[in-house]
Amino acid sequence: MPSFQTSPGTRDILPPQAGRWRELNLLFADTVQSAGYECVIPPMFEDLGVFLRLGDATDVVTKEMYDFEDKGGRHIALRPEQTAGVCRAFAQHRPTTPWKVWYSGPNFRYEKPQAGRYRQFDQVGVEVLGSDDALLDAEVVALGWQFFARLGLRQVTLVINSLGDGDDRTRYIDALRDYLESRSTELSDEARATLARNPLRVLDSKRPQDAPVIEAAPLITQFLSDDARDHFAKVCGALDLLGIPWVLNERLVRGLDYYRRTTFEYVSTSLDGAQNAVGGGGRYDGLVEDLGGPATGGVGFAIGVDRTLLACDAEQVFDAGAIAMDAFVVDVVDGLAGLAVTDELRAAGYAADRAFDGRSMKSQMKAADRSGAVFAVIIGGDEAAAGTCTVRNLSTSEQSTIPRSGLVAHLASQLGPRTPRRSTP
Ligand code: HAM
């Protein structure tokens, strides 16, 4: 048993899984960059105050924050999500609007670890700052949806709701609190505790005991202003126009307090109920202002990478492919010719690997097979003396011995030409 293991709620993402992580990021970048979103990289820790804007009654702030005092006496927190950091960056740098950005990277929440819920987890996401346009909400929602489709996921449902503006929300929360208090004896102990902190979150309770009370609770839609109602109708109409199916859930409240108007979640029906949101987002007009910037509309989403890949496993899509090697160089002389040939192939644009430690021919050929390479390039005593190499097709076992100077041309004739990466000495 080694002395150290990963901390609870953290995981090593090993190959080939880690390659899948990278592929997912590339696909996400391609999806959103082709829609005009540029990459932004906010820091992984910030002043705690930045994240307090997520809501002083939310679990993320009250229970899950990784915060500490640094050596300079600052109260710092590891980011639990990236929206607040992006808004802080906007308030600090004031880029031209609309500011359309995307990000990826780890976030930290001290949660109870379980399948699909980790203390360090990855998100990819987008934020747009500086626009109130409902059609932008639709663009953002659509981008997330299209990304899941590109991964090959079919069992994803888009759930959408409007939380109205600040005033609508306040009036609704008051009415909801009154209602829930009037029936509090019927609620579970947990829901009663939640009610004292944050009535909205009671709507999230999955406990059967709370269901009848929640069922009859007032709905936010009854409290929307005309503006907020029009905005929501426009978002839904635009999604219809784009052919994106959505389901209205008037009890969708989400776990962060900054949401106004549109809120949504992408739910995977292939995942276990408790942890089945693979992404979520919404509008958060007012957050930039809260962070000391100008009044600015904002909308975005974040997708949980860990959970999305669990959904991919469940649906058997987006497999972890091993890196495809073109050639594996086997040198049983002194390794030097192998070193030069491998370097030449890589420079010419081919994926090439080799063995080290002066292994036997048998052991190097085994490594060549394991690498999945198309060809083994073999340099034995005869080849070394004659300045040749033997190129062996590892699936058909056909082989031919050619001058080493013709190796790149030979691979080009078999695998097609590649764009050179650099010139060799
Ligand atoms: P969120 O709903 O807290 O929203 O997180 C988004 C997604 O991150 C979730 O749907 C889930 O897939 C994943 N996630 C959250 N917590 C964990 C965890 N402990 N372990 C694994 N995955 C997790 C936000 O973070 C907002 N910033 C989204 C947003 C962007 N809203 C507007 N713009």
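Predicted model: local features only at pLDDT ≥ 70, side-chain atom pairs only at ≥ 80, totals over all residues.
1. Helix H12. This helix spans residues 305-315. Eight of its eleven residues are buried, so H12 is largely enclosed by the rest of the structure. The buried set consists of Val305, Asp306, Arg307, Thr308, Leu309, Ala311, Cys312 and Glu315. Directly after the helix, Gln316 adopts a positive phi of about 55°.

2. Packing of H1 against H12. The axes of these two helices come within 11 Å and cross at roughly 105°. H1 and H12 are therefore roughly perpendicular to each other. On the H1 side, the contact is made by Arg20, Trp21 and Leu24; on the H12 side, by Val305, Asp306, Thr308, Leu309, Cys312 and Asp313. By class, this contact comprises five nonpolar residues, one polar residue and three charged residues.

3. Packing of H5 against H10. Helix H5 (residues 134-151) and helix H10 (residues 226-241) pack with their axes 8 Å apart, at an angle of about 45°. The two are therefore oblique to each other. The crossing of H5 past H10 is right-handed. H5 contributes Ala134, Leu135, Asp137, Ala138, Val141 and Ala142, which meet His231, Lys234, Val235, Ala238 and Leu239 of H10. The contact holds eight nonpolar, one polar and two charged residues. The spacing of contact residues along each helix may be read with the following in mind: an α-helix has 3.6 residues a turn, so residues three or four places apart point the same way.

4. Helix H4. Nine of the eleven residues of H4 (residues 83-93) are buried, and the helix is therefore largely enclosed by the rest of the structure. The buried residues run through Thr83, Ala84, Gly85, Val86, Cys87, Arg88, Ala89, Phe90 and Ala91. They pack against strands S2 (45-47), S5 (99-108) and S6 (120-129), and against helices H2 (48-52) and H11 (287-290).

5. Pro98 sits in the loop between H4 and S5.

6. Positive phi in loops. Asp357 has a phi near 70°, a positive value in a residue other than glycine. Asp357 is found in the loop between strand S13 (352-354) and helix H14 (361-371), and at 69% relative accessibility it counts as exposed. Ser397, which is not a glycine either, has a positive phi of about 70°. The position of Ser397 is the loop between strands S15 (388-393) and S16 (399-403), and Ser397 counts as partly exposed at 40% relative accessibility.

7. Cysteines. A search of the whole structure finds zero disulfides. Cys236 is buried, at a relative accessible area of 7%. Cys87 is one of the buried residues of H4.

8. Val374. Is Val374 buried or partly exposed? With a relative accessible area of 30%, Val374 is partly exposed. Val374 lies in the loop between H14 and strand S14 (375-379). Leaving aside residues up to four places away in sequence, Val374 touches Met325, Asp326, Arg392, Asn393, Leu394 and Leu415. Val374 and Val305 are 69 residues apart in sequence and 32 Å apart in space, C-alpha to C-alpha.

Methods
Residues numbered from 1 in each chain as written. Heavy atoms only, no water. Axes fitted to C-alpha atoms, helices over the stretch in contact; angles between N-to-C directions. Helix = DSSP H or I, 4+ residues; strand = E, 2+ residues; numbered from the N terminus. Parallel < 35°, antiparallel > 145°, perpendicular 65-115°, else oblique. Left-handed = near helix turned anticlockwise from the far one by under 90°. Contact = heavy atoms within 4.5 Å. Nonpolar A, V, L, I, M, F, W, Y, C, P; charged D, E, K, R; others polar. Disulfide = S-S within 2.5 Å. Buried < 20%, exposed > 50% of the residue type's maximum accessible area, 1.4 Å probe, protein only.
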